[in-house]
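Dear colleague,

I am passing the structure below on to you, and my notes on what was found in it follow directly after. Please read them with the coordinates open.

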Amino acid sequence: MDRDALARRLMATFLAEMEEHVRTLNAGLVALEKGGDPARRPELVAELFRAAHSLKGASRSVGAARIETACHRMEGIFASVRDGSLALGPEQFGVLFAAVDGVEEAG
């Protein structure tokens, strides 16, 4: 397989993975924003962190630096929420939803 074909396959795989992670991020953010079961909150935050982390690594592999940076920042926010040093309010949710939208548009 030549380099161009390999690059196309890698990008196609990345785009499919990105769509899945964007769905996970949006669904998790909606669930957190709605409140719901407080016992499920740590699980949701962990799921969001993993999605951002995985997408960050995948974007690095295809040279999508802007997506990588956005995911790194989201990952930091989710880590702060997980550790209890940040509470999510309307402003934070707005930033996170905008970041996910930006990732989706950049892909």
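Glutamate 75 and lysine 56 are both buried, where buried means under 20% relative accessible area, exposed means over 50% and partly exposed lies in between, with a 1.4 Å probe and protein chains only. Their side chains meet in a salt bridge, at 2.7 Å from N to O, the term being used for a side-chain nitrogen of Lys or Arg within 4 Å of a carboxyl oxygen of Asp or Glu. The pair links distant parts of the chain, since glutamate 75 belongs to helix H3 and lysine 56 to helix H2, 19 residues apart; helices here are DSSP runs of H or I with at least four residues, numbered from the N terminus.

Before going further, a word on the basis of these notes: this is a predicted model, in which local features need pLDDT of at least 70 and side-chain atom pairs count only at pLDDT 80 or more, while totals for chains, interfaces and linings use all residues. Residues are numbered from 1 along each chain as its sequence is written, and side-chain values use heavy atoms, with hydrogens and water left out.

A search of the whole structure finds 4 salt bridges. Among them is the one between arginine 40 and glutamate 43, whose closest N and O atoms are 4.0 Å apart; arginine 40 is partly exposed at a relative accessible area of 36%, and glutamate 43 is also partly exposed, at 47%. Another joins aspartate 83 to arginine 82, with the closest N and O atoms 3.2 Å apart. Aspartate 83 counts as exposed because its relative accessible area is 56%, whereas arginine 82 is partly exposed at 46%. The charged end of arginine 82 also sits over the ring of phenylalanine 49, 4.8 Å from its centre, which here requires NZ of Lys or CZ of Arg within 6 Å of the ring centre and within 35 degrees of the ring normal.

Helix H2 covers residues 41-61, and its 21 residues reach 31 Å from first C-alpha to last, close to the 30 Å expected, that expectation being 1.5 Å times one less than the number of residues. The buried residues of H2 include Leu44, Val45, Leu48 and Leu55 as well as Lys56, and what covers the buried residues of H2 includes helix H1 (3-34), helix H3 (65-83) and helix H4 (90-106). After H2 comes glycine 63, whose phi is positive, near 75 degrees.

Setting aside residues up to four places away in sequence, phenylalanine 78 touches Leu25, Leu29, Val45, Leu48, Phe49, Ala52 and Leu96, contact meaning heavy atoms within 4.5 Å.

Two further residues may be worth a look. Histidine 21 is found in helix H1 and is buried, with a relative accessible area of 11%; leaving aside neighbours within four places in sequence, histidine 21 is in contact with Ala51, Ser54 and Leu55. Isoleucine 77, in helix H3, counts as partly exposed at 22% relative accessibility, and its contacts, with the neighbours within four places in sequence again left aside, are Leu86, Leu88 and Leu96.

Terms used
Helices (H or I, at least four residues) and strands (E, at least two) are DSSP runs, numbered from the N terminus.
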